[in-house]
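Here are my notes on this one, as numbered points. Have the structure open while you read.

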Amino acid sequence: MFSIKNFFLLFIIFFPAILFSQNVNIHGKIKDEQNKNLPFVDVFTEDYKFTTNSDSLGNYSLNLPQYYDYFYVRYAQDEAVKINIPGKEKDITLNITLGIKNEIDDVIIEADKVNASGIISVDAKISEVMPSISGGIESLIKTELGVAGSRNELSSKYSVRGGSFDENLVYVNGIEIYRPQLIRSGQQEGLSFINPEMVSEAKFSSGGFEAKYGGKMSSVLDITYKHADKNKFSASASLLGGSLFFQHPSKNGKLGILSGLRYKTTRYLLNSLETKGEYDPAFIDFQTYVSYIINSKSDIRFLANISDNNFNFIPESGVTNFGSIEQLLSLSVYYTGQETDRFFSESGTVTFNFHPDKNLNYSFNISGYTADETEKFDIIGFYDLNQLNNDIGSDNAGDSTLNLGNGAYMQHARNELTISGIQATQTGYFKKNSHYLNWGIIYKYDNISDKIDEWTLSDSAGFSLPKDYDKLELSKNIKHGNKTENNKFTLYLQDKYLIEDYMMQYEITGGIRFHYNTLADEYLWSPRIAAAVKSLGKNNHVLRFSSGVYYQPVFYREIRRFDGTLADDKSAQKSIHFVLGHNFKFRALGRNMKLYTEIYYKKLSNIIPFEMDNIRIKYYADVRTSGYVKGIDTKLRGDFVPGIDSWFSLSLMKTEEEVTERINEEDTTYYIPRPTDQHITANLFIQDYLPGNKKLKAFMNFVFGTGFPFGEPENLTEKALYRSFSYQRVDLGASAVLIKNDRTYKSKFLNYFKSVWLTAEVFNMLDIENTVSYRWIHVVPNTSVAANNVNNNFPVPYNLTGRRFNLKISIKI
């Protein structure tokens with residue numbers, strides 16, 4: 001019988017034994033260019049078999065076999081620095097100074113631990129150079145395993161392995177981040193909460209994550225802000241906005257202050273959309289993070305955020321050409337009216353950490369947030385729908401040959417949503433021998449007040465739609481108010497157990513999460529387990545498996561019906577994950593590479609079907625069903641260009657859900673694609689530099705995704721009858737360092753700058769028309785025979801931004 005033991009035995013046979021030799025003890029002190037001691041610096045070998053950290057005074061000690069010629073050090077999110085070992089003596093004192101002159105070596109460096117849960121580290125610094133409209137760390141997340149970022153470049157939202165935008169967890173310093181609820185389109189979306197300048201560590205998982213993360217069914221992004229360790233000021237400005245960042249530590253290093261101010265405007269980009277008018281988006285965000293080290297055993301931290309996002313729009317006209325070669329159509333719309341939206345939020349959190357020793361830590365946290373969202377619009381549109389001449393060789397190709405219908409509509413809204421909440425947590429960890437125990441106790445209270453006043457009047461050829469000869473009827477009329485309160489109680493406990501011998505590492509993580517909330521009055525238990533084995537040979541093969549139960553308690557939108565009322569069933573949605581992963585390092589064409597592969601299956605139950613209108617998710621709140629997601633993700637990462645990371649990722653995925661339809665007086669159940677069912681998504685990100693001169697760099701980001709399902713709105717059985725065209729986009733960037741303090745300038749003013757660089761970007765270089773969603777135009781045909789022979793329902797695409805250029809200047813002092 002083939003057992004797990006036999007499997008591990010066979011696995012070991014394929015890897016060479018580790019060479020045994022005498023060891024070298026290397027020790028010393030790590031400082032910065034200002035001669036300050038640097039604590040908690042990572043010290044490690046390229047294969048990551050030998051690792052340590054500097055202590056609070058910057059001292060380190062590393063014991064290595066004599067055959068190692070070098071090792072690496074890395075502070076926070078700085079680039080890894082190669083340190084050559086001077087000699088083969090048994091005891092070597094080697095002091096290290098880290099400064100801005102250090103440059104990355106031509107290797108890929110990753111903390112490649114056995115990692116049973118599969119959570120990965122994300123380098124936030126790359127988001128500063130990646131050409132992206134939305135920017136931020138989310139632009140990097142969209143390139144990770146299983147993440148579909150091929151839907152809307154104006155938005156930072158993403159779908160993970162068939163899940164909706166609402167299924168993704170985001171933590172900053174252990175607190176779950178609130179996201180605006182009323183936003184309908186990427187045009188309205190402002191800045192992401194996460195300020196990349198303040199990030200110390202970013203971790204992401206596409207599924208199968210640990211019990212300490214919960215409340216969502218798809219993914220988790222865990223962000224930790226850094227403690228200010230040196231003085232720093234940076235600023236940037238571009239056609240899309242600007243930012244200021246300030247970092248200051250006290251003289252004794254105990255007090256650290258980080259502050260960031262960001263401003264974003266997409267007016268320049270929105271002018272490339274098919275709907276013309278006066279766009280006036282203004283998004284501003286301020287964050288401050290203060291940390292104070294009380295003594296060697298305790299510290300206190302405070303994080304505050306204020307975000308004010310405003311979107312004002314006066315539409316004028318729009319022309320959309322669509323259809324196929326067999327039937328080319330054109331919709332022309334002329335507008336009057338305006339839209340005014342505001343999304344304001346503020347939050348604050350205080351954390352106290354107490355660690356009696358390095359193996360035990362208690363963390364106490366209290367936080368609160370408020371959000372006020374309003375959308376107001378009164379817009380009238382007059383439209384003509386025409387069929388165009390599709391004879392390419394004709395002199396009047398593209399001209400209108402037939403008017404299929406015309407009409408008008410009026411949209412009105414005065415919607416207000418107010419949300420507030422508080423949270424108190426106690427979390428901690430305990431390490432002993434090979435065990436790493438985590439626990440958490442969480443209480444959260446949410447209060448929601450929603451006022452909906454929204455209606456639409458549609459008219460075509462003098463008929464109000466829906467057509468009624470006796471009265472004027474609105475096609476949509478919602479006037480309702482809701483108030484909800486929810487108390488949530490969560491407990492989790494997990495243990496990570498690590499076993500290591502001279503050839504292999506084994507890790508097993510098991511945990512359970514309990515949740516209760518008063519809104520649904522239900523008790524939820526979520527067991528989770530993960531196991532991994534890693535070879536300590538040259539290629540560092542890691543094989544892992546994880547599985548668990550993931551509940552997503554409803555928040556608010558999931559239970560709001562299309563008419564504004566709330567559904568009776570408020571129970572949580574459920575997903576069971578099965579993830580099998582493998583990754584290993586290798587060399588190809590003289591380059592260091594790493595290949596990640598994950599196969600997964602998710603069993604969905606009690607889920608709420610939804611449809612997507614741009615980035616707004618509309619739930620069928622009264623319906624519960626089941627479904628599945630299955631697929632495979634791969635990512636090849638390596639120094640395609642020496643010294644700089646690049647990568648290619650590819651995902652194949654299929655997701656469906658059950659629907660029941662009454663056919664011939666019988667209930668018939670069948671599967672339909674879910675709105676996130678993009679079968680193929682791919683991403684290629686490449687960095688390059690001028691040979692011999694890393695002051696001139698170039699970047700390319702290519703995104704591809706096959707079409708997504710769509711259909712008649714608010715029609716469950718027909719919401720996935722069609723598929724959109726594929727999403728294709730190429731963004732380019734080029735940076736040049738104008739000033740760097742690796743030299744002395746004649747001007748004293750220039751010597752104040754650490755670096756100044758200029759970046760030029762080309763968004764959507766190929767100027768491809770990508771579609772984010774569809775609006776349905778209903779017409780009463782004119783009296784001509786030809787017009788009466790065509791369908792009177794037409795899906796008209798909402799196309800995204802065209803080619804645009806951007807210039808950005810960045811300064812560090």
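1. Let's start with a pair in the interior: E598 and R544 are both buried, where buried means under 20% relative accessible area, exposed over 50%, and partly exposed in between (1.4 Å probe, protein chains only). Before going on, a caveat: this is a predicted model, where local features need pLDDT of at least 70, side-chain atom pairs count only at pLDDT 80 or more, and totals for chains, interfaces and linings use all residues. Residues are numbered from 1 along each chain as its sequence is written, and side-chain values use heavy atoms, with hydrogens and water left out.

2. What does E598 form with R544? A salt bridge, with the closest N and O atoms 2.7 Å apart. E598 sits in strand β31 (residues 591–607) and R544 in strand β29 (residues 542–552), so this pair links distant parts of the chain, 54 residues apart. The term salt bridge here means a side-chain nitrogen of Lys or Arg within 4 Å of a carboxyl oxygen of Asp or Glu. Strands (E, at least two residues) and helices (H or I, at least four) are DSSP runs, numbered from the N terminus.

3. Now look at D633 and R161, another salt bridge, with 2.8 Å between the closest N and O atoms. D633 is in strand β34 (residues 625–641) while R161 is in the loop between β11 (159–160) and β12 (168–172), so the pair ties together parts 472 residues apart in sequence. D633 is buried because its relative accessible area is 0%, and R161 counts as buried at 2%. Together, R161, R544, E598 and D633 are linked in a network of salt bridges.

4. K719 and E657 are worth a look as well: they form a salt bridge, the closest N and O atoms being 3.0 Å apart. K719 lies in the loop between β39 (709–710) and β40 (722–723), and E657 in strand β35 (residues 644–663), so parts 62 residues apart in sequence are tied together. Relative accessibility is 6% for K719, so K719 counts as buried; E657, at 0%, is buried too. By this rule the salt bridges come to 29.

5. Over to the surface. F233, L244, F246, L261, Y263, I284, F286, I306 and I813 form a nonpolar patch there, with about 740 Å² of accessible area together. Elements giving two or more residues to the patch are β17 (241–249), β18 (255–264) and β19 (275–295). L261 belongs to strand β18 and is partly exposed, at 35% relative accessible area. Patches take residues with over 30% relative accessible area and no salt bridge, joining like charges within 9 Å and nonpolar side chains (Val, Leu, Ile, Met, Phe, Trp, Tyr) within 5 Å. Accessible areas come from the Shrake-Rupley method with a 1.4 Å probe; for residues, only the protein chains shown count as cover.
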